[in-house]
Structures are given as C-alpha cells and as structure tokens.
Amino acid sequence: MLLSCLLYPVGPAAIILMPMIVGGLIDSHGFSEQQAGNIAALEGLGLVFASMLAAAWIRRVSWVKALLVAFLGYAALNILSANIEAYVPLLVLRCLSGLAGGSVMAVTVAALGDQRLELARLVGHEVHDRS
C-alpha cells in the first residue's frame, strides 16, 4: 500500500507540471505555442486513454508486473524525450509517456481501492460492501 501511495503522484504529475513543460518547450527548444500545446495535449490524451483502457486489463494481469513495466517505460520515455528536439518524434514520445503515466495511475488507484477493505480491517472498522 505504501508503494501505491508513493507511486500514485507519477501519473498526475504530467498534468500538474504541464505549464512548466510547455514553457520550457517554447523557451528552451524554440517550439511555437501551438506546437507546445499539441505536445501537451497529446500527453494528456495518452494519460486519459491509458486510464480508460486499464478497465479492460486491470483485473487480468499482475499489478506488480504492470506497474514495473509502466513505471520503467514512463521513466525511459521521459529520459528519451529530454534529449529530443524534433517536433514529431517528441510528440510521439510524449504521447507514449502519457500512456505509461496513465497506466501507473490506473494500477495504483486500483491497488489503493482494493486496500480499503484490508486497511479497514486492520484498524478494526467494519466495512460494508455497497455493491
């Protein structure tokens, strides 16, 4: 559970830090405002799309393995995109980064949701399933 709590912010970090990323793309890399906005939008779309797709696979795969692959992919894609200055390759890398970040977020939210029952039992509360 602690690991889920520590890794959860990785997914939303892309959205929270996006204004700084867009500013850096414009100031440091010379992208136009529209190009920087497109990069930001595609990353956000990747995040949302991955979160929606997770509904199809989240109960069928090992969360530990999925989290490891998504987190390592997210880290690698961020490192790679830090060294890319061409528009189209950066656009693709940031979209893939959004997909990986959305997968991290989906797994951690699912893990935290499942831990609700266990946590309640540990502290002695009775939990009623509302389904």
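A residue is taken as buried when its relative accessible area is under 20%. By this criterion, in the predicted model considered here, buried residues make up 34% of the 131 residues in the protein chain. The accessible surface of the chain amounts to about 8,100 Å², and carbon and sulfur atoms contribute 68% of that surface.

Among contacts in the protein chain with a separation of 6 or more, 75% are accounted for by residues 24 or more positions apart.

Helix α3, comprising residues 18-27, packs with α4 at an angle of about 145°, and the axes of the two helices lie 9 Å apart. The crossing in which α3 passes α4 is right-handed. On the α3 side, the contact is made by Met-18, Val-22, Leu-25 and Ile-26, whereas α4 contributes Glu-33, Ala-36, Ile-39, Ala-40 and Glu-43.

Helix α4, which spans residues 33-57, also contains Phe-49. This residue belongs to a nonpolar patch on the surface, formed by Val-48, Phe-49, Met-52 and Leu-53, which together have about 390 Å² of accessible area. Phe-49 itself counts as partly exposed because its relative accessibility is 43%, a value that falls between the limits of 20% for buried and 50% for exposed residues.

How values were computed. Residues numbered from 1 in each chain as written. Predicted model: local features only at pLDDT ≥ 70, side-chain atom pairs only at ≥ 80, totals over all residues. Heavy atoms only, no water. Patch = residues over 30% accessible without salt bridge, like charges linked within 9 Å, V, L, I, M, F, W, Y side chains within 5 Å. Areas by Shrake-Rupley, 256 points an atom, 1.4 Å probe, with all protein chains shown as cover. Salt bridge = Lys/Arg side-chain N within 4 Å of Asp/Glu carboxyl O. Helix = DSSP H or I, 4+ residues; strand = E, 2+ residues; numbered from the N terminus. Buried < 20%, exposed > 50% of the residue type's maximum accessible area, 1.4 Å probe, protein only. Axes fitted to C-alpha atoms, helices over the stretch in contact; angles between N-to-C directions. Left-handed = near helix turned anticlockwise from the far one by under 90°. Contact = heavy atoms within 4.5 Å.
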